[in-house]
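Here is a short briefing on one protein chain. Look at the sequence and the model first, then read the points below.

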Amino acid sequence: MELERKENGWKFHPYIPGALVINVGDTLQILSNRKYKSAEHRVRTTSTQSRVSIPIFTIPKPTEIIGPLPHLVDKEGTCFREFVFQDYMTNFFSNAHEGKKSLDFAMLP
């Protein structure tokens, strides 16, 4: 069973036989200008159902400058700034286990 954090607590997503669940990270949320939203999530296992997880991490080079892709910025603009990816990762690991706080680093003032 997958759990997703919402403002008022955790939302349960029941098991669906044969389903494929894909969780995207903060970097894709920034690059897509919020078209894809990263989710803070947890998984609760049971003794009666098997589960397979295959985490795949793809990240930019530490020196890469990232921000919303220009063709995904609409007329309302964006709330994310461009930044060096290593600076984001340094911030991310300094805010470990503080929910989505790491996204604040990428927000425009």
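Is Asn23 buried, partly exposed or exposed? Asn23 counts as partly exposed, because its relative accessibility is 34%. Buried means under 20% relative accessible area, exposed means over 50%, and partly exposed lies in between (1.4 Å probe, protein chains only).

This is a predicted model, in which local features need pLDDT of at least 70, side-chain atom pairs count only at pLDDT 80 or more, and totals for chains, interfaces and linings use all residues. Residues are numbered from 1 along each chain as its sequence is written, and side-chain values use heavy atoms, with hydrogens and water left out.

**Overall layout**

- The protein has 2 helices and 5 strands. Both kinds of element are DSSP runs, numbered from the N terminus: helices are H or I with at least four residues, and strands are E with at least two.
- Along the sequence, the pattern reads β-β-α-β-β-β-α.
- The protein has 109 residues, and buried residues make up 20% of them.

**The nonpolar core**

- The largest nonpolar core has 9 residues: Ile30, Ile66, Phe80, Phe83, Phe85, Tyr88, Met89, Leu103 and Ala106.
- Helix 2 (residues 85–94) gives the largest share of this core, with 3 residues.
- A nonpolar core is a set of buried Ala, Val, Leu, Ile, Met, Phe, Trp, Tyr and Cys residues joined through side-chain atoms within 4.5 Å.
- Asp104 sits in the segment after helix 2. Asp104 is exposed, because its relative accessible area is 53%.

**Aromatic rings**

- A pair of aromatic rings is described by the distance of the centres and the angle of the planes.
- Rings of Phe, Tyr and Trp (its six-membered ring) pair if their centres lie within 6.5 Å; planes under 30 degrees apart count as stacked, over 60 as edge-to-face and the rest as tilted.
- The whole structure holds 6 aromatic pairs.
- Phe92 and Phe93 have ring centres 5.1 Å apart and planes at 85 degrees, so this pair is edge-to-face.
- Phe92 is partly exposed, at 32% relative accessibility. Phe93 is exposed, at 58%.
- One aromatic cluster is formed by Phe83, Phe85, Tyr88, Phe92, Phe93 and Phe105.
- Arg81 lies over the face of Phe105, 4.5 Å from the ring centre. A charge sits over a ring if NZ of Lys or CZ of Arg is within 6 Å of the ring centre and within 35 degrees of the ring normal.

**The salt bridge**

- Side chains of opposite charge can pair when their charged atoms come close.
- A salt bridge is a side-chain nitrogen of Lys or Arg within 4 Å of a carboxyl oxygen of Asp or Glu.
- A search of the whole structure finds 1 salt bridge. Asp74 and Lys35 meet in a salt bridge at 3.9 Å, N to O.
- Asp74 is in the loop between strand 4 and strand 5 (83–84), and Lys35 is in the loop between helix 1 and strand 3, so the pair ties together parts 39 residues apart in sequence.
- Asp74 counts as partly exposed, at 37% relative accessibility. Lys35 counts as partly exposed too, at 48%.

**Loops and backbone**

- Asn23 lies in the loop between strand 2 (9–13) and helix 1.
- The C-alpha atoms of Asn23 and Ala39 are 6.6 Å apart, although 16 residues separate the two along the chain.
- Asn33 is in the loop between helix 1 (26–31) and strand 3. Asn33 is not a glycine, yet it has a positive phi of about 55 degrees. Asn33 is buried, because its relative accessible area is 9%.
- Arg34 lies in the loop between helix 1 and strand 3. Arg34 is not a glycine, yet it has a positive phi of about 70 degrees. Arg34 is partly exposed, at 38% relative accessibility.

**A nonpolar surface patch**

- Val52, Ile54 and Ile56 form a nonpolar patch on the surface, and together they have about 390 Å² of accessible area.
- Accessible areas come from the Shrake-Rupley method with a 1.4 Å probe; for residues, only the protein chains shown count as cover.
- Patches are made of residues with over 30% relative accessible area and no salt bridge: like charges are joined within 9 Å, nonpolar side chains (Val, Leu, Ile, Met, Phe, Trp, Tyr) within 5 Å.
- Ile56 is in the loop between strand 3 (41–43) and strand 4 (65–66). Ile56 is exposed, because its relative accessibility is 69%.
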